[in-house]
Amino acid sequence: MANSLGFQGDGGSVLSMEHVRSLTDLQDLKEAYERLCAEEKDVESELLTLLGQQTIVEKKMLALQRMGPNLQLIEGDAQQLSGMITFTCNLAENVSSKVRQLDLAKSRLYQAIQRADDILDLKFCMDGVQTAMKNEDYEQAAAHIHRYLCLDKSVIELSRQGKEGNIIEANLHHLQEAEQHLKVVVSEKFDAATKSGDLPQVERFFKIFPLLGLHEEGISKFSGYLCKQVAKKAEENLQLALGTEGGERRAALIFADTLTLLFEGIARIVETHQPILETYYGPGRLYMLIKHLQAECDRQVEKVVDKFVQHRDYHRKFQQVQSCMMRGSSTDKIEPRDLDPILSEVTLMSARTELYLRFIKRRVVSDFEVGDSMATEEVKQEHLQNLDKLIKHCLLSCSVQELIGYYITMEEFYMRESVNKAVAMDTCERGQLISSMVDDVFYIVKKCIGRALSSSSIDCLCAMINLSTTMLESDFREVLCNKLRMGFPATTFQDIQRGVTSAVNLMQSSLQQGKFDTKGIESNDEAKMSFLVSLNNVEVCSENIMTLKKNLENDCNKMFSQGLGGEQAKAKIDSCLSDMASVSNKFKDLLQEGLGELNSTAVKPQVKPWINLFLSVSHNIEEEEFNDYEANDPWVQQFIVNLEQLMAEFKAGLSSVIYENLTSLLTSLIAMELEKVVLKSTFSRLGGLQFDKELRSLIAYLTTVTTWTIRDKFARLTQMATILNLERVTEILDYWGPNSGPLTWRLTPAEVRQVLALRIDFRSEDIKRLRL
Amino acid sequence: MSMEDYDFLFKIVLIGNAGVGKTCLVRRFTQGLFPPGQGATIGVDFMIKTVEIKGEKIKLQIWDTAGQERFRSITQSYYRSANALILTYDITCEESFRCLPEWLREIEQYANSEVITVLVGNKIDLAERREVSQQRAEEFAGTQNMYYLETSAKESDNVEKLFLDLACRLISEARQNALVNNVDSSLPGEGKSITYLNCCNFN
Ligand SMILES: Nc1nc2c(ncn2[C@@H]2O[C@H](COP(=O)(O)OP(=O)(O)O)[C@@H](O)[C@H]2O)c(=O)[nH]1
Ligand SMILES: [Mg+2]
């Protein structure tokens with residue numbers, strides 16, 4: 001506060017003079033006076049403090065005055081130091097420029113020495129080449145030329161300008177002549193060596209080309225030599241193949257074998273000559289060699305494939321197959337079995353091709369890896385793309401793609417025809433749950449996909465998986481559908497036993513009987529068996545599909561682990577296989593439909609009347625009748641016997657899984673139907689007890705026929721029995737609501753009242769009064 | 001289906017003559033680029049793109065096929081499981097348009113009867129070299145009950161629209177099918193009619 005007042009302009013106060021003058025009111029004047037007094041007090045105290053500080057300030061001033069002379073001394077020193085620094089600086093500048101000059105001199109000296117060396121080298125080369133050439137020591141001569149070619153061209157230029165310029169000029173001329181001469185000689189010698197098939201000489205001159213800077217020419221010439229060898233061997237092999245007698249061991253695979261020999265030959269050449277190439281031409285040049293070799297390979301492949309097509313009648317067979325597939329039966333029908341050899345041979349040809357191409361790819365890629373280690377990313381990519389294009393679009397690839405294209409159609413035909421046969425010859429031995437065609441069909445599918453897999457072509461494999469999926473999903477499933485569609489006939493015996501139930505049932509059964517009229521009772525049995533077998537077949541199919549899928553997955557993983565195919569291939573196969581797996585579910589759906597059909601035509605019409613008999617047994621009974629029931633069971637025992645008989649046939653004829661399914665449907669049906677009749681009956685106290693006994697027997701029996709728990713399905717009925725067994729209406733409260741304990745009520749309060757009302761001895765007012 | 005991280009899965013197969021731009025369309029849509037000189041497709045290529053439409057994840061499995069004759073038996077094997085086919089031709093190449101009936105015969109023979117087919121005229125960036133007028137293509141598509149769209153894989157024209165519209169159509173189709181199936185299906189054991197007459201129903 002004091003501070004802020006103290007800074008109020010030149011000693012002035014908060015209250016200006018004018019303001020004080022203008023005051024007229026006493027009160028205001030008083031206030032102003034008081035404020036001024038307070039102000040005065042503050043100013044006084046401030047003055048006192050300031051005065052108190054006076055001595056300290058004076059002391060400080062004294063100290064400062066004493067420091068004056070010292071400062072003058074320091075200034076002198078600083079000036080001296082600055083002079084010294086300037087001097088040192090100049091000195092350093094001087095020294096460093098001298099050092100720079102020295103450096104320059106040194107590097108010039110080095111250059112001079114280098115040039116002297118080079119000139120000496122050049123001389124040495126000039127002399128050396130001539131002697132070497134005279135001695136036909138071409139390696140030596142080439143080494144000299146190489147040295148000359150590596151020399152700095154400016155050095156040569158300088159040497160020419162020197163004192164001995166003329167001599168050097170002349171020598172240089174000789175050297176260039178020698179170079180040209182050597183090139184010609186080496187080329188001629190190489191050709192001669194090639195002609196005479198002198199491998200050591202061929203290799204000798206092959207090594208010389210890169211010394212003369214003729215890498216491409218060397219590789220191209222050498223490749224020419226190698227290609228000739230490939231061609232010669234290939235022709236021999238093809239002739240041998242064409243001369244093979246039909247009975248010989250691998251006669252059926254002779255073209256695949258010929259192709260294999262061709263590939264092996266080329267692979268061997270690569271193996272043998274890659275080291276020389278790498279040593280003398282440096283890494284990264286294998287691609288060039290391979291490109292030449294592949295051109296020859298393509299030429300030879302074309303011949304082999306042509307002969308294959310011609311001798312195996314490949315195209316005509318394909319056309320025949322195609323017309324069979326288009327028009328169904330054709331005049332010249334092909335036996336699928338007759339296609340076996342050719343299908344095997346084509347897949348083998350494809351597999352060998354894949355193997356060979358993978359070998360080539362691996363080799364060239366790793367050669368590029370070394371050769372391109374310093375190259376830019378673009379160059380690397382370009383090299384790899386070139387390789388990729390070479391492999392993908394070479395005639396070999398195209399030819400095999402074409403063969404495989406035909407193969408797929410023929411394999412599909414083979415599969416369909418074989419499946420048709422298996423279906424036509426379908427038999428079921430007595431005592432067998434499934435018929436022959438299921439195993440047969442899956443054997444065929446496995447064989448066909450397996451053969452496609454053996455081609456090592458991912459697209460071929462995927463196509464066959466797709467085609468198999470289609471065949472199973474539509475054609476074969478249709479066959480089983482048709483069998484199931486014939487229905488499960490009711491027997492005459494059962495008809496009699498059932499009695500006249502309903503007009504609808506009668507009509508239905510007679511309609512179904514009509515189908516088998518011509519064959520009589522025995523064929524009726526057959527029709528029943530056929531239906532059950534078909535159900536089993538459907539189930540086994542859905543399982544087999546999953547097994548097939550799993551096995552194929554394993555096979556493919558094996559293939560991948562051998563380095564075949566990449567991520568893309570994996571994704572394709574996965575997708576195709578998952579489509580196949582989804583067909584399994586369609587068979588499961590079909591099974592459920594068939595089971596539903598069996599349940600509604602063979603089980604329900606029988607079981608319902610048996611349950612309805614419950615209505616003819618009075619549960620409004622007294623002691624005497626209760627005891628009588630005890631001695632002569634009126635309903636449940638016969639019901640159980642009937643069920644036993646009914647299910648015996650299914651137990652014998654159905655797989656355990658399906659039988660379980662059917663018993664599950666049966667128990668649901670019983671629970672539902674029994675509930676209906678109970679709600680239509682009336683009960684005395686003892687009638688309730690009787691029902692409880694009956695229900696227990698039934699549940700006990702049904703528990704023995706199924707492994708699934710059926711308690712749950714009978715929970716409502718069990719609770720109804722509990723209610724019907726009560727002493728009094730209000731006793732229900734011992735089990736209801738908070739008293740229910742572990743029991744979960746499946747009956748609604750309304751249903752509880754409804755069941756209570758079935759007891760003739762319970763009064764409806766009591767029931768109404770219940771608070772549930 | 002619900003186990004995976006998508007609500008719908010559809011298979012789309014691209015067919016049409018070699019060189020009309022199928023691979024470019026797929027790459028443009030799935031990778032957002034126009035590939036320089038990648039060479040003809042061998043067999044079939046397979047790509048996946050998941051798109052979101054109105055909050056639902058749709059996984060599109062796109063099969064790009066080779067147009068050459070020698071791959072026909074491979075590519076044909078994919079028709080049946082396709083939910084949609086994109087039949088592509090090149091608007092600057094009359095020949096590719098004239099081959100369409102041949103492709104339609106293939107579809108007729110191998111594809112699911114419920115398959116959705118879209119006719120696509122590609123390379124509209126080359127308008128000055130157009131050989132097939134839009135009207136002609138539209139009329140043709142109309143007679144064959146196909147949707148028609150013109151695209152440029154190069155300029156990214158209508159590519160997104162092509163696939164997304166197709167996805168929308170597939171969703172509504174799938175919904176309709178689910179409805180029909182639910183009405184039809186009766187509980188096992190309660191079978192009123194034998195329903196396994198429709199063996200090859202659309203999945
Ligand atoms: N100008 C132009 N060229 C395209 C377009 N789409 C593809 N191309 C070119 O057409 C050629 C064949 O394309 P590609 O996708 O391989 O055809 P595909 O055989 O049907 O798969 C390539 O050279 C592409 O660059 C486009 O929309 N505009
Ligand atoms: Mg393509």
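In this predicted model, a backbone N or O atom of Gly21(B) lies 2.9 Å from an oxygen atom of ligand 1, a polar contact in the sense of a pair of N or O atoms within 3.5 Å. Cys24(B) likewise places a backbone N or O atom 2.9 Å from a ligand oxygen, and for Val20(B) the corresponding distance is 3.3 Å. Taken alone, ligand 1 exposes 580 Å², of which the protein buries 81%; these accessible areas come from the Shrake-Rupley method with a 1.4 Å probe.

Residues are numbered from 1 along each chain as its sequence is written, while chains are lettered from A and ligands numbered from 1 in the order in which they are written. Local features need pLDDT of at least 70, side-chain atom pairs count only at pLDDT 80 or more, totals for chains, interfaces and linings use all residues, and side-chain values use heavy atoms, with hydrogens and water left out.

Turning to chain A, the domain assignment gives domain 1 (214-392), domain 2 (426-503 + 519-600) and domain 3 (617-769). The C-alpha centres of domains 1 and 2 of chain A are separated by 40 Å.

Methods. Polar contact = N/O pair within 3.5 Å; in protein donor to acceptor, adjacent residues only side chain to side chain. Domains from an automatic or database assignment.
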